[in-house]
Amino acid sequence: MNITSAQYFNHIDGTQAGIRIVVDDVTMDVPLDPANRHYAEILRQVAAGDLTILDAD
Amino acid sequence: MSKAAELAALIGSQTALSNRNLIINGASQIWQRGTSVDTISTGGILCDRWRIGHSGTDGNVDVDQDTSVPTGKGFGFSQKISMDASESSLDAGDQVNVTQKIEAQNLQHLEFGTSSAKSLVLSFYVKSSVAATYTVEWLTRDGTQRMIGRTYTINSANTWEYKTLTIPGDPSATINNDNGIGLEIRWWMDAGSTYTGGTFATDWENKTNANRVNATTGWLVSTSPTWHITGVQLEIGEQATPFEHRSFGDELAACKRYFEKSFDVGTTPGVSDYNSTENWTVNADGSGNAVISPSFKVEKRAAPTMVAYQATGATGSWNYFRDGATGTGGVTFDRIGTNTTRCYTAIGANWASGSIFGHWTADAEL
């Protein structure tokens, strides 16, 4: 999966909600659920040193 | 005992009379993401529930819905996998495959991990541009990963053939009773020595990459290789039964547990589509954000990845209009559940009333 950017995003109340990624120019909101395949792939790429997740704005 | 009684006893002892197919979308009916893609990413899905894997290839992998089907079997479509360029030579890590992953809690009746583990029989119609011996692999993921393989032979190139493969149950495999991956069934079009270099696993064994594929097929180095499949059925027992044709609606609902969209079923997400957008009347809060909660028609396997689409097809935002203004606002899905999702979007003014319209997709694939 070619993730070109990753950044945490927040709930409307300001607490951490998920990770926004861009894959093949498509913007995706990924929940912090280990059963979600995109979240699992994000964790795999971070562990491999291939991806850095930016802090939320 | 009469032949009819023998048949009834056989069916009754081995499998169900309906809903016996563990494969979803085995007849290649459902294509919610589109019907043709050039250069699919590894891990990408076009035909619902069917995941494409590839690595190392010189050319790109293309996937298409195709009307080529075996004659007289009642199928309307097949899934076509092809390459846009041939390999100059097959490298160790080169491979192309297609996989269906089955949810673990749907497989508890197989009784894997016990002495009562049940045999499985896989049947399918296949057509390839290269006559060769190909591999199908079964792989479990929970605990120690376990695998077994079988081969089938394409006797005549570019000709539909019917294949059945039987495997024993695995008393040593673990399939948790949950929403994760229970069993993967993978058809390998071709693979290099990373996957063929060992001793092919014809009995259940712990996963070893070198033992996964019987041998290279020559498919990747051939000119304009193509491979088609349809009519896939996996059922308990040792005797394949005729393909269980399910209604389009039933198959679509089954697929929606793993992927759902607000677009009409025949509309590819991301195309310009003003006709079937969802519309919400909203009131913005003091920060100019409007909060809504789209619901899913089918409960998702897990919290899905959400994508927002404008009516134009652009992602990450929706259209709005309010008194005196129109525009687009970024969408954030901040409380994603399996039955509904909350999201908020800016409509450009605090405490304003207006309307939002757009599309979404929800991806909960394994």
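Of the 57 residues of chain A, 44% are buried, where buried means under 20% relative accessible area, exposed means over 50%, and partly exposed lies in between, with a 1.4 Å probe and protein chains only. Before I continue, please note that this is a predicted model, in which local features need pLDDT of at least 70 and side-chain atom pairs count only at pLDDT 80 or more, while totals for chains, interfaces and linings use all residues. Residues are numbered from 1 along each chain as its sequence is written, chains are lettered from A and ligands numbered from 1 in the order in which they are written, and side-chain values use heavy atoms, with hydrogens and water left out.

Chain A contains 1 helix and 3 strands; these are DSSP runs numbered from the N terminus, helices being H or I of at least four residues and strands E of at least two. Their order from the N terminus is β-β-β-α. The radius of gyration of chain A is 11 Å, close to the 10 Å that the globule rule gives for 57 residues, so chain A is as compact as a globular protein of that length. That radius is taken over C-alpha atoms, and the rule is 2.2 Å times the number of residues to the power 0.38. Along the principal axes, the C-alpha atoms of chain A fill a box of roughly 30 × 25 × 20 Å. Contact means heavy atoms within 4.5 Å; among contacts in chain A between residues at least 6 apart in sequence, 29% join residues at least 24 apart.

I turn now to chain B. Its secondary structure comprises 3 helices and 20 strands, and its C-alpha trace spans about 75 × 55 × 40 Å along the principal axes. For 366 residues, a compact globule would have a radius of gyration near 21 Å, and the 23 Å of chain B agrees with this. In chain B, 56% of the 366 residues count as buried. Of the contacts in chain B with a separation of 6 or more, 74% are between residues 24 or more positions apart.

What does helix α3 of chain B, residues 248-256, bury? Glu251(B), Leu252(B), Cys255(B) and Lys256(B) are buried there. They cover an arc of only 140° around the axis, which puts them on the same side of α3(B); the arc is that of the directions from the helix axis to the C-beta atoms. The cover over the buried residues of α3(B) includes β13 (259-261) of chain B.

In the loop between β12 (226-236) and α3 of chain B we find His245(B), which is partly exposed at a relative accessible area of 43%. Leaving aside neighbours within four places in sequence, His245(B) is in contact with Lys73(B), Gly74(B) and Phe75(B). His245(B) and Asn21(B) are 224 residues apart in sequence, yet 9.5 Å apart in space, C-alpha to C-alpha.

Finally, backbone angles. Most residues other than glycine have a negative phi. Ser28(B), however, has a positive phi near 55°. Ser28(B) sits in the loop between α1 (3-14) and β1 (36-37) of chain B and is buried, with a relative accessible area of 2%. Glu111(B) also has a positive phi, near 60°, and belongs to the loop between β5 (95-103) and β6 (120-128) of chain B. At 32% relative accessibility, Glu111(B) is partly exposed.
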